[in-house]
Amino acid sequence: MSRIIQLKKVAGIVTAIVTYFTSYAAVAAETVHQAVPWQTGLQPAASPTMERISSLYSSVTFLVVAIAFFVLGLLIYVVIKFNAKANPIPSKTTHNTLLEVIWTAIPVIIVAVIAVPSIKLVYFADRTVDAGMTLKIVGHQWYWSYVYPDQGEFTFDSSMLDEDELEGKPRLLAVDNEVVLPIKTNIRLIMTSEDVIHAWSVPSLGVKLDTVPGRLNETWVRADKEGLFYGQCSELCGVNHGFMPIAVRFVSKPTFDQWVAKAKIEFAAIKAPLIETPRKIARLNISKNTLDQ
Ligand SMILES: [Cu+2]
């Protein structure tokens with residue numbers, strides 16, 4: 001009898017694994033940008049900003065590794081050359097002006113060398129001069145809402161899917177209403193918050209910006225290839241901070257226009273600006289999520 005139960009258990013596990021992989025394959029048919037198990041580096045870049053962030057990251061990593069090996073070399077040298085056996089009578093030297101100038105000046109030069117491309121990148125990510133459209137993002141405890149001011153100011157909320165609604169989509173990342181944006185367009189992103197500070201962050205797009213109540217922050221994004229991009233709130237904002245993911249779908253311009261026509265009707269009942277609408281109760285069951293942890 002217990003053998004049958006065991007067999008049933010094994011069958012259940014096998015079915016779960018097969019379902020997991022087949023559903024993952026179904027989702028992976030389009031380019032999905034999200035973290036993967038055992039990933040160590042950054043997610044692949046899909047926007048001009050992220051391409052620059054990745055390249056700066058690689059250059060700085062080379063520099064860091066070179067410095068680490070240099071310091072390690074010095075340590076080994078000191079340990080061998082100046083240990084009690086090799087050097088029984090230590091020197092009483094306390095100051096060396098030239099050496100002190102060098103070990104102050106070289107790090108300053110290194111920091112300056114890193115600062116130049118870094119500050120250039122900050123300005124590059126700051127804003128775009130010729131935006132094709134604007135997307136307004138509003139953070140709430142604990143979901144996001146989006147406004148499309150150039151497409152008739154329609155707006156909608158975007159909340160995390162519960163586990164029984166996933167249908168193969170990734171847990172803790174999939175949302176009910178994805179942000180849809182056109183490819184090959186410079187998109188101005190303006191962000192604010194209704195309650196506390198959140199941060200709208202999508203790794204592959206190289207965007208991570210705080211949404212601050214009473215303040216409008218700006219950045220921009222562009223993707224040249226279609227795909228689905230996942231991100232998460234990246235500012236500790238309360239008990240459900242980990243349960244307000246971001247999903248952005250970049251589509252071709254005609255598909256975007258079709259989606260806008262449909263979305264205008266679908267979301268017509270919701271009035272912008274969202275700040276003035278009554279707060280929506282987050283769909284998540286707080287006690288359930290906190291108990292799960
Ligand atoms: Cu948040």
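Biologist: Leaving aside neighbours within four places in sequence, which residues is P203 in contact with?
Modeller: L42, Q43 and G231. Contact means C-beta atoms, placed from the backbone, within 7 Å. This is a predicted model: local features need pLDDT of at least 70, side-chain atom pairs count only at pLDDT 80 or more, and totals for chains, interfaces and linings use all residues. Residues are numbered from 1 along each chain as its sequence is written.

Biologist: Where is P203 placed?
Modeller: In the loop between β7 (198-202) and β8 (207-211). Strands are DSSP runs of E, at least two residues, numbered from the N terminus.

Biologist: Is P203 buried or exposed, and why?
Modeller: Buried, because 22 other C-beta atoms lie within 10 Å. The cut-off for buried is 20 or more within that distance, and exposed means 12 or fewer.

Biologist: What about H33: how far is its C-alpha atom from that of P203?
Modeller: The two are separated by 8.4 Å, though H33 and P203 are 170 residues apart along the chain.

Biologist: Switching to the open sheet, what is the strand order?
Modeller: β4-β3-β2-β6-β9, five strands with mixed pairing. Two strands pair if DSSP finds at least two bridges between them.

Biologist: Which are the edge strands?
Modeller: β4 (154-158) and β9 (217-221), each pairing on one side only.

Biologist: How many bridges join β6 to β9?
Modeller: Five, and the two strands run antiparallel. In β9, V221 is the bridge partner of I187.

Biologist: And I137, what does that touch?
Modeller: Not counting residues up to four places away in sequence, I137 touches W144, Y146, L189, M191, W200 and T211.

Terms used: Helices (H or I, at least four residues) and strands (E, at least two) are DSSP runs, numbered from the N terminus. Two residues are in contact if their C-beta atoms, placed from the backbone, lie within 7 Å.
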